[in-house]
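Work through the exercises below with the sequence and the model side by side. Try each task before reading its solution.

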Amino acid sequence: VRHLKDARTLFHKDVVELVRVCAWYRVVLFTKWKQASMLASCLVVVRLLLRASERDSLFAYVPEFYVESTVDSFHALRRGDPP
């Protein structure tokens, strides 16, 4: 019985996290101007990364978060349904 309660608690935490992700998608992606703004910010970061990659010494100091968040944003835009 204890294992069932632990499993239920774990599933509840997963559901809460997924509901938050869905709410984020709804708020961020499902209006046309928000999609355009997110794409514009992705393009700015990509241009920054391209400029940084021209100099190897500078590119080494670019935070990994910039690369990961840009890739995640592009994938979110690609998967998102238009409003």
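Contact means heavy atoms within 4.5 Å. Helices (H or I, at least four residues) and strands (E, at least two) are DSSP runs, numbered from the N terminus. The model is predicted: local features need pLDDT of at least 70, side-chain atom pairs count only at pLDDT 80 or more, and totals for chains, interfaces and linings use all residues. Residues are numbered from 1 along each chain as its sequence is written, and side-chain values use heavy atoms, with hydrogens and water left out.

**Exercise 1. Describe how helix H2 and H4 meet.**

Step 1. List the residues on each side. From H2 come Gln35, Met38, Leu39, Cys42, Leu43, Val45, Val46, Leu48 and Leu49; from H4 come Tyr66, Val67, Thr70, Ser73, Phe74, Ala76 and Leu77.

Step 2. Sort them by class. Ala, Val, Leu, Ile, Met, Phe, Trp, Tyr, Cys and Pro count as nonpolar, Asp, Glu, Lys and Arg as charged, and the others, Gly among them, as polar. The contact of H2 with H4 has 13 nonpolar, 3 polar and no charged residues.

Step 3. Axes are lines fitted to C-alpha atoms, for helices over the stretch in contact, and angles run from 0 to 180 degrees between N-to-C directions. The axes of H2 (residues 32-54) and H4 come within 10 Å and cross at roughly 145 degrees.

**Exercise 2. Is Thr70 buried or exposed, and which residues does Thr70 contact?**

Step 1. Locate the residue: Thr70 belongs to helix H4 (residues 64-79).

Step 2. Apply the cut-offs. Buried means under 20% relative accessible area, exposed over 50%, and partly exposed in between (1.4 Å probe, protein chains only). Thr70 counts as buried because its relative accessibility is 5%.

Step 3. Leave aside neighbours within four places in sequence. Thr70 is then in contact with Cys42, Val45 and Val46.

**Exercise 3. Compare Ser73 with Ser41.**

Step 1. Ser73 is in helix H4, while Ser41 is in helix H2.

Step 2. Ser73 has a relative accessible area of 17% and is therefore buried. Ser41, at 40%, is partly exposed.

Step 3. Beyond neighbours within four places in sequence, Ser73 is in contact with Met38 and Cys42.

**Exercise 4. Which residues form the salt bridge?**

Step 1. The criterion is a side-chain nitrogen of Lys or Arg within 4 Å of a carboxyl oxygen of Asp or Glu. The structure holds 1 salt bridge.

Step 2. The partners are Arg51 and Glu54, at 4.0 Å from N to O.

Step 3. Both residues lie in helix H2, 3 residues apart, which is about one turn of the helix. Arg51 and Glu54 are both exposed.
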